[in-house]
Amino acid sequence: MTSVAETAGRPTESAEQPVEKALEARSLYRFFRAGEEETLALQGVSLSLAPGEFVAVSGPSGSGKSTLLSCLAGLDEPDGGTVLIGGRRISHQPEPARARLRARHIGVLFQSANLFEHLTVEGNVSLSQGLAKKEHRADRGELLESVGLSARSHAYPSELSGGESARAGLALALANDPIVLLADEPTGELDSATEAQILDLLVSRARAGAAVLVASHSPAVAAIADRVIRLTDGRIQS
């Protein structure tokens, strides 16, 4: 199986003007209200990732990991603070602007793989690339080969095994050669062998120059990360 690092190193739109920080979050706050009760999901979280850095976010359930990734990806808006992707502000922007920035510069990998059931694996990747309208993007054939899915490119999500589904989700996240890759418990339902395979692909992507942030309970993720950020009750613990 060809490594992602061999196929994903193409220049991005920011290649001509390298940025010191691929991802930066400044004092993020997020709260949720249910009747009279208020839950503080994030309380002043600040972090940054350089290009090529692999960072793990750990913490117990309810610590704010998924909320953090949603705010970083522009899928949710923080109630306070700022998120920058490659020096561009994604937070506190209209949804169409956030969607464009996310499609062009951020890859998002969820535990559920986030595939459209009515499209084949290749069709999902093609749709993602078409929506981004980006000049530099991964070659579909090479990308699917890099994640070991060349022979399954015409399969539908319902026809994939758990490991194949995870790899298809990763292909979708890498479709537009993102400068930031965010993964939320990407190996939570996988056996140890498949988990090792997915983590190897994520590390390869970081070596190719992307900033990779993985939220996970898995000790295997923490073991290979360049550093680990621990969240407790919406705060980063030193």
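Modeller: Gladly! Strand β3 pairs with strand β9 (residues 227-232) in the parallel sense, over four bridges. Strands are DSSP runs of E, at least two residues long, numbered from the N terminus, and two of them pair if DSSP finds at least two bridges between them. Within β9, Ile229 is the bridge partner of Val57.

Biologist: What should I know about the source?

Modeller: This is a predicted model, where local features need pLDDT of at least 70, side-chain atom pairs count only at pLDDT 80 or more, and totals for chains, interfaces and linings use all residues. Residues are numbered from 1 along each chain as its sequence is written, and side-chain values use heavy atoms, with hydrogens and water left out.

Biologist: Which residue in β8 is the bridge partner of Val55?

Modeller: That is Leu213. β3 and β8 (residues 211-215) also pair in the parallel sense over four bridges.

Biologist: Why is β3 largely enclosed by the rest of the structure?

Modeller: Five of the five residues of β3 (residues 54-58) are buried, so the strand is largely enclosed. Buried means under 20% relative accessible area (1.4 Å probe, protein chains only). Phe54, Ala56 and Ser58 cover one side, Val55 and Val57 the other, and all are buried.

Biologist: And how do I read empty space?

Modeller: Rolling a probe the size of a water molecule over the atoms shows where empty space is left.

Biologist: Which residues line the largest cavity?

Modeller: Leu69, Ser70, Ala73, Leu75, Val108, Phe110, Leu182 and Asp184. A cavity is a set of points on a 1 Å grid over the protein atoms alone where a 1.4 Å probe fits but cannot get out, and lining residues have an atom within 4 Å of a point.

How values were computed:
On a 1 Å grid over the protein atoms alone, a cavity is a set of points where a 1.4 Å probe fits but cannot get out, and a pocket is an open set with protein on both sides within 12 Å along at least five of seven lines; lining residues have an atom within 4 Å of a point. Buried means under 20% relative accessible area, exposed over 50%, partly exposed in between (1.4 Å probe, protein chains only).
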